[in-house]
Amino acid sequence: MPGLARSGLLALVVLAIVGALVLGRSAPSEAQSATSSPTPAPIQPPLATPAGPGRLIFLGDCAFCHGTDAAGSNRGPSLQGVGDADVDFYLSTGRMPITDVVQDPQRQTPAYDPHEIASIVSYVSSLGAGTGTPIPQGNLSSARLTQGEKLYTENCASCHSSVAAGGALTNGMYAPTLRPSTPTQIAEAIRVGPGTMPVFGTDTLSDDQVNSIVKYVLYLQHPEDRGGLNLSHLGPITEGMIAFVVGLGALLLFVRKIGTVVGE
Amino acid sequence: MRRVARWTDDRLGSSAFAEDALNKVFPDHWSFMLGEISLYCFVILILTGTFLTFFFDASSREIVYRGSYAPLNGATVSEAYASVVRISFDVRAGLVMRQIHHWAALVFIGAIVLHLCRIFFTGAFRRPRELNWIIGVTLLLLAIFNGFTGYSLPDDLLSGTGLRIAYSIALSVPLIGTWLAFLIFGGEFPAQQIISRLFVIHIMLVPALIIGLLGAHLAILWRQKHTQFPEAGRTESNVVGSKLWPTYAAKSVGLFCAVFAVLGALGGLAQINPIWLYGPFEPAYVASPSQPDWFLGWVDGALRLFPAWEFRTGSFMLPNPFFPAVLMPGITFGLLYMWPFLEARFTHDYGPHELLDRPTDRPVRSAIGAGVLTFYIVLLFAASNDVLARMFQVPVLAMTVAFRIALFVVPALVAFVVYRWFKAVKVSGAKGVMEVSLVQVRHPTPGGSHE
Amino acid sequence: MSEGRDATRLIAVSFSVSALASLGLLITYVVGGQPQVEGSLIAVSLGSLALGLILWAHNLMPTGHFVEEREPHGSTSAERASFTADLDRSGDEIQRRTFLGRILIGALGLLGVAALFPVRSLGTKPGRTLFHTSWTPGARVVTGAGEVVTSSTLEVGGVLTVFPEGHTKAADSQTILVRVSTAEFTPLPGRETWSPDGYLAYSKVCTHAGCPVALYQAESKELFCPCHQSAFDVFDGARPIAGPATRPLPQLPLAIDASGNLTAQRDFTQPVGPGFWNDPS
């Protein structure tokens, strides 16, 4: 039955192609195992330039909601004394300036370049002193991946998922994915607790512990997927779907070919 | 081969039986091979599972993991968890065996469900095959149970959460709940003995039961001969198809190879249960999202959808999880077991049947089956309500409410549509489900499909 | 017959491909193994075997339309009569002695019940175990790593999982500690002394099915359980406000001792976690 032979050979060819693709995909990650990953970029302090465009940008883009003196209005909270980390986080992740007035602004392309952001941060800082968090600086070379795995699982995984993919919260909000986050942003978010995220101060998690968490999150951005295609790391949900659609689907096609139908 | 046959016959007198066996006729319809798919999945589970037992350490004792997976190097984990990480990274062929084993489990239970549906919709459970139906439903129950014990063995964060829920479900049983939970687990959660107990259950007790019942299932099938669809040349007193030797045997072995091939492809190319990313189980921590494997999704969905109802008197309580997780599954399997007898009673048809029904021949049964199946499919999807809520950017609560509505509306709708559609096919005498028009569905007339 | 030769050639090719793939598997294993290669080669090896066998069955073996007659399922009435007669005759001695029969059944029954009793060895008696945790009056609050929690450990909006000192592995004692603003929060009546300096502690074991209620939303002051989506209002005694949970998370009464360490005033006032038959909550 040439038709059967054709479909059989086709199936094998498809399999070979898929196998090669998956192999091609996973091979780099095999070489780049966690033990030999390049040293991650250190958490950078901002480029501090007091006399920059910060003041003008603030007055033009931010003051409408946050007040000309950053004391807040009925459209936006006060920024006096919130700390550089807070301002830098929101600006560098593009959450601010807000484009869509929602409860929990999401990450977007930043509206300003790093130089402008540094200048705005500097300007806001000059508008009011407070107990706000400075931008974390840290050296990740001494951070410990294993400690990071433990701390991440205990403090972060419940909202952001085991693989930093994010997850649902109540009231239509969700903890975002950490895939696009830079080391500085991760550390800032931990210290600042933006939006509905809790705050982890220096007495809750030491700088060392934060660095370890950052190192682990960076690892999760390219995790060890030794088993093959990671199916979006959604766990049993996608695994069940693939078992039915691919596994049983292929086998149903097969028995349909080798068996008869009524009337044959 | 002739020499082996002669040798065996000299000692066992097997020639007569062997000749009957070789000439035994099996119908060739494709849907009769679904049970075989599950059988071969089981064989592969045993083969890969045996390999895994040589490397798995069924102990909750805490040790320091030292191996090639860096993020856990130096971490304090249970021996069970450490052994599975080692299988995945340091044992040659370990990961592919583990993954084939887990994919095989998912496909195994899926094939059983498809097979059950085929038996149901064609009425193959009717006399004299009620016993085989009962055995089959029991096999499904055992397969689900073994799947659960299996994925709980690695003692990782995700499956440990599932064990905690199972403990709470046991606790919720009236009167005996606390004793049930304490005896099964060995004490207050998380008792140290649970992993080693699950291991014994998973590799010895349940497989032994499955093998025994499977043997009976096949022996009964062999003795009663397979059913077949009514077509030219097929009657209530014959079987038409291929002979076991060589044709049916060759196709069957071919099917086994195909099952192994598909599972091999999945096992090597599609990552499943990456427990090294989930981390070891710690009772005070959990990651989100948190789902069981698909074959328990219907119970988890029920736990999410069932409203916050509970009965309390001040000294006694009927806890909330009892209704979705004990009562509902109990009713499910109770009805499944009872179905052949219920249908015989309702149709007043107690006679034997060797010829199958086309699903369209029995609109009522098919509608009920389709509706009920849809009910469990909705529950299954409800288990991922938080993930779906995020995907569609709606609040989780709204998704839950939507599923609650869907749980009753969609099965009723499906049952209605199937009933009207199949009735039209049956009455109009159409050859297939697609050969009936909407007009005929509205007003079925005999012979209508020929107009 | 050329069709038969074509089929034969195809079958031979399939089997050869299978053999090659198996050889590949051997080599892969020897050089150290690799999951994707192993899986693909298993698939090719067995897939081509399957193809070869099916081609053989379909093209070269006798197919379909053999007929076998069914025998009636039940035995003939003669066989049944003979069986019944045999059963009656040989069982006559047993059937006559109803008294002995009854005592035998009694003995076997008791033996069966006695045989069940080793099941009791499987676990400890529930007793009052579920009614209390390892929290005792004055117990210091510590983190999972055993570090003592002081009044400065958390900032407002902070969250930590804590345990009683010396019991960091006690699953039932897991507690979620948050810090809220004393200006915004009004304690429930009778709990005014339970939350010093804005520190609030609730049992982390969900009262629905026991998962850790780990998601803390600092803005809306909600604790959210990831398993079945129960939500609890931190400002209202962790009362369930969504999802299938029916009872609030028990609150741990806190105090701050002279050295500034957080301590528990006493154990939770209700059993923690999911309900059970004689749960008085």
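**A sheet within chain C**

Begin by selecting chain C, where four strands form an open sheet in the order E6-E7-E8-E9 with antiparallel pairing. Strand E6 (215-217) and strand E9 (239-242) of chain C stand at its edges, each with a single partner strand, so one side of each has no neighbour in the sheet. On average, and with direction ignored, neighbouring strands here are turned by 30 degrees against each other. The model is predicted, and this applies to every stop on the tour.

Next, select E6(C) together with strand E7 (residues 222-224) of chain C; these two pair in the antiparallel sense over three bridges. Within this pairing, Leu215(C) stands opposite Phe224(C) in E7(C).

Now display chains B and C together and select strand E1 (25-26) of chain B along with E1 of chain C. Which strands make up the open sheet of three strands, and in what order? The order is E1(B)-E4(B)-E1(C), and the pairing is antiparallel. E1 of chain B and E1 of chain C are the edge strands, each with a single partner strand, so one side of each is left without a neighbour in the sheet. Helix H10(B) packs on this sheet, where it touches E1 and E4 of chain B, and its direction makes about 75 degrees with that of E4(B).

The pairing that crosses from one chain to the other can be shown by selecting strand E4 (residues 238-243) of chain B and strand E1 (residues 66-69) of chain C. These strands pair in the antiparallel sense over four bridges.

**The interface of chains B and C**

The size of an interface is often given as the accessible area lost when the parts come together. Between chain B and chain C the buried area is about 6,700 Å², and carbon and sulfur atoms give 64% of it.

How many salt bridges cross the interface of chain B and chain C? There are three salt bridges across it. For one of them, select Glu62(B) and Lys169(C), whose side chains meet at 3.9 Å, N to O. Lys169(C) lies in the loop between strand E3 (159-164) and strand E4 (175-179) of chain C, while Glu62(B) lies in strand E2 (residues 62-64) of chain B, so the pair joins two chains. Over all chains, the count of salt bridges comes to 22.

The interface of chain B and chain C also has 23 residue pairs in polar contact, both residues being at pLDDT 80 or more.

**The interface of chains B and A**

The area buried between chain B and chain A is about 5,200 Å², with 69% given by carbon and sulfur atoms. Select Trp30(B), Leu269(B) and Arg390(B): in chain B these lose the most area to chain A, together 15% of what that side buries.

Between chain B and chain A the count of salt bridges is zero, whereas 19 residue pairs are in polar contact, both residues at pLDDT 80 or more.

**Backbone details**

Return to chain B and select Arg127(B) and Pro128(B), which are joined by a cis peptide bond with omega of about 5 degrees. Pro128(B) is in the loop between H5 and helix H6 (130-152) of chain B. A further cis peptide bond runs from Phe189(B) to Pro190(B), with omega near -10 degrees; Pro190(B) is found in the loop between helix H8 (177-185) and helix H9 (194-224) of chain B.

Finish in chain A at Ala70(A), a residue other than glycine whose phi is positive, near 60 degrees. Ala70(A) lies in the loop between helix H2 (54-66) and helix H3 (84-92) of chain A.

Key: Residues are numbered from 1 along each chain as its sequence is written. Chains are lettered from A and ligands numbered from 1 in the order in which they are written. This is a predicted model: local features need pLDDT of at least 70, side-chain atom pairs count only at pLDDT 80 or more; totals for chains, interfaces and linings use all residues. Side-chain values use heavy atoms; hydrogens and water are left out. Buried area is the accessible area (1.4 Å probe) that two parts lose on being put together, summed over both. A salt bridge is a side-chain nitrogen of Lys or Arg within 4 Å of a carboxyl oxygen of Asp or Glu. A polar contact is a pair of N or O atoms within 3.5 Å; within protein, one must be able to donate a hydrogen and the other to accept it, and residues adjacent in sequence count only if both atoms are side-chain atoms. Two strands pair if DSSP finds at least two bridges between them. Contact means heavy atoms within 4.5 Å. Axes are lines fitted to C-alpha atoms, for helices over the stretch in contact, and angles run from 0 to 180 degrees between N-to-C directions.
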